[in-house]
Amino acid sequence: MNRMLRADAPHRRAFRTGGHTVATVAVLYLLALPIAVWIRQDGLQTGATDFASEFRFALWLLVALVGLVASAAVQRVSLGAVAGGAIGYANITSLHRTRTFEPGEVQSMSLHRAKDGRLRLTSTLELRLAPAAHRRWTTVTLFDGDMSGDGRAEPLASIIRQVVQARPEVSLDTNLRALLAARRYGAALDR
């Protein structure tokens, strides 16, 4: 019975991001680990600590670092099946609690690209929502699915397309204006 109900339900697109970032940080740390332990061991006086305790300490630091990066990098985004369907997300900016909003509630969008020279691993899409009585937050920050991407990857491309289709008069920054093309996102921008 549940399968039949699920088959009749409208399709929902879901995205999970962050795995590449966590894996990259872990690999870089593991590559630097022996060098750091060797440098630290070389600088210590004889008999202060042994190599095994230094190595255990470095592994505990790795676990803590990967845990912090994982909590910051992992995000879940779901897009409703219908054209005006709700967008749900959970990431570090929402303390991994799922928040939902309608694409028509977005007043402005801005894209902060990782390639612009700031200290970012991924691009971020910032959405400013109209104030509403049912929520206390008005800013949504979503992360690109690609490291050092320019906003063309999922889920940002689908969210941008869905918001522009729901509200063509939405205010856009210069990065989004440059990114949007009428044939790619299905909306012409006359501004």
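1. Of the protein's 191 residues, 36% count as buried, a term that stands for under 20% relative accessible area, with exposed meaning over 50% and partly exposed in between (1.4 Å probe, protein chains only). The model is predicted, so that local features need pLDDT of at least 70 and side-chain atom pairs count only at pLDDT 80 or more, while totals for chains, interfaces and linings use all residues. Residues are numbered from 1 along each chain as its sequence is written, and side-chain values use heavy atoms, with hydrogens and water left out.

2. The fold holds six helices and eight strands, which from the N terminus follow the order α-β-α-α-β-β-β-β-β-β-α-β-α-α; helices (H or I, at least four residues) and strands (E, at least two) are DSSP runs, numbered from the N terminus.

3. Glu105 sits in the loop between β4 (99-101) and β5 (106-112) and is buried, at a relative accessible area of 17%. A polar atom of the Glu105 side chain lies 2.7 Å from the backbone nitrogen of Glu102. Leaving aside residues up to four places away in sequence, Glu105 touches Arg128, Leu129, Ala130, Ala132, His134, Arg135 and Arg167, where contact means heavy atoms within 4.5 Å.

4. Across the protein, 51% of the contacts between residues at least 6 apart in sequence join residues at least 24 apart.

5. Leu28, which belongs to helix α2 (residues 19-43), counts as exposed because its relative accessibility is 53%.

How values were computed:
Polar contact = N/O pair within 3.5 Å; in protein donor to acceptor, adjacent residues only side chain to side chain.
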